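Subject: Structure for you to look at

Hello,

Here is the structure I said I would pass on. Please open it beside this email and go through the notes with it in view.

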Amino acid sequence: MSTRQEIGRWGENVAAEHLKNRGWTLLERNYRTPYGELDLVARKGGTLLFVEVKTRTSEAFGMPEEAITPVKAEHLLNAARHYLQQHPEFDGTWRVDVCAIQGQPGHTGTQIAWFENVLS
C-alpha cells in the first residue's frame with residue numbers, strides 16, 4: 001500500500017469513527033459501483049448516508065473539500081443511485097456528505113470538516 005493509500009485509509013477510519021460517535025451505523029466501506037467507489041455508507045433511523053472522504057496532510061494542494069469537482073460530484077450521485085437500485089429494501093431518505101480531514105496518522109490536531117447534503 002502506498003503512502004497516499006495509507007493516508008486515505010486513515011482518513012476513512014477517522015470519518016467512520018466520527019459517524020459511529022454520532023449514532024450512525026456503518027453499512028459499507030469502499031463500496032464499488034460502475035460509477036466509482038462510495039467511501040462510506042451509513043444508516044441512522046430512516047436516513048441512508050453516502051460519505052465521500054477527502055484527506056490532506058497539509059494545505060499545499062488546497063483544502064480537502066476542493067477535490068470535489070463537478071465531475072466527481074456527478075460520479076458520487078450516480079454511485080449513490082446505483083447503490084439504491086441494488087438495495088430496493090431501503091425506502092427512506094438519503095443524502096451525500098463530504099468529510100474533509102486534515103492531519104496525519106499518529107499526530108495530534110486532526111481537523112474534521114463535515115459538509116452535509118452536498119448534492120441537493
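Predicted model: local features only at pLDDT ≥ 70, side-chain atom pairs only at ≥ 80, totals over all residues.

Residues are numbered from 1 along each chain as its sequence is written, and side-chain values use heavy atoms, with hydrogens and water left out.

The whole chain

The protein chain has two helices and five strands. Here helices (H or I, at least four residues) and strands (E, at least two) are DSSP runs, numbered from the N terminus. Along the sequence their order is α-β-β-β-α-β-β.

What radius of gyration does the protein chain have? The value is 14 Å, which agrees with the figure near 14 Å for a compact globule of 120 residues. The radius is taken over C-alpha atoms, and the globule rule is 2.2 Å times the number of residues to the power 0.38. Along the principal axes, the C-alpha atoms fill a box of roughly 40 × 30 × 30 Å.

Of the 120 residues, 41% count as buried. Buried means under 20% relative accessible area, exposed means over 50%, and partly exposed is in between (1.4 Å probe, protein chains only). The accessible surface of the chain is about 7000 Å², and carbon and sulfur atoms hold 47% of that surface. These areas come from the Shrake-Rupley method with a 1.4 Å probe, and for residues only the protein chains shown count as cover.

A contact means heavy atoms within 4.5 Å. Among contacts with a separation of 6 or more, 52% are between residues 24 or more positions apart.

There are 13 positive and 15 negative side chains, and the centres of the two sets lie 2 Å apart. Lys and Arg count as positive and Asp and Glu as negative, while His and the chain ends are not counted. Each charge is placed at NZ of Lys, CZ of Arg, CG of Asp or CD of Glu.

Helix α1 covers residues 3-21, and its 19 residues should span 27 Å at 1.5 Å a residue; the end C-alpha atoms are 27 Å apart, which agrees. The expected span is 1.5 Å times one less than the number of residues. Among the buried residues of α1 are Ile-7, Trp-10, Val-14 and Leu-19. The buried residues of α1 pack against β1, β2, β3, β4 and β5. Just after α1, Gly-23 takes a positive phi of about 90°.

Single residues

Is Leu-38 buried or exposed? Leu-38 counts as buried, because its relative accessibility is 1%. Leu-38 is in strand β2. Leaving out residues up to four places away in sequence, Leu-38 touches several residues, including Phe-50, Leu-76, Ala-79, Ala-80 and Tyr-83.

Lys-44 also lies in strand β2, but Lys-44 is partly exposed at 39% relative accessible area. With residues up to four places away left out, Lys-44 touches Arg-22, Gly-23 and Trp-24. Lys-44 and Thr-55 are 11 residues apart along the chain, and their C-alpha atoms are separated by 24 Å.

Pro-105 sits in the loop between β4 and β5 (111-115). At 36% relative accessibility, Pro-105 counts as partly exposed. On the same terms for sequence neighbours (up to four places away not counted), Pro-105 touches Ile-7 and Trp-10.

Asn-30, found in strand β1, has a positive phi of about 55° although it is not a glycine. Asn-117, in the segment after β5, has a positive phi of about 50° and is not a glycine either. Most residues other than glycine have a negative phi. Asn-117 counts as partly exposed, because its relative accessibility is 35%.

Regards
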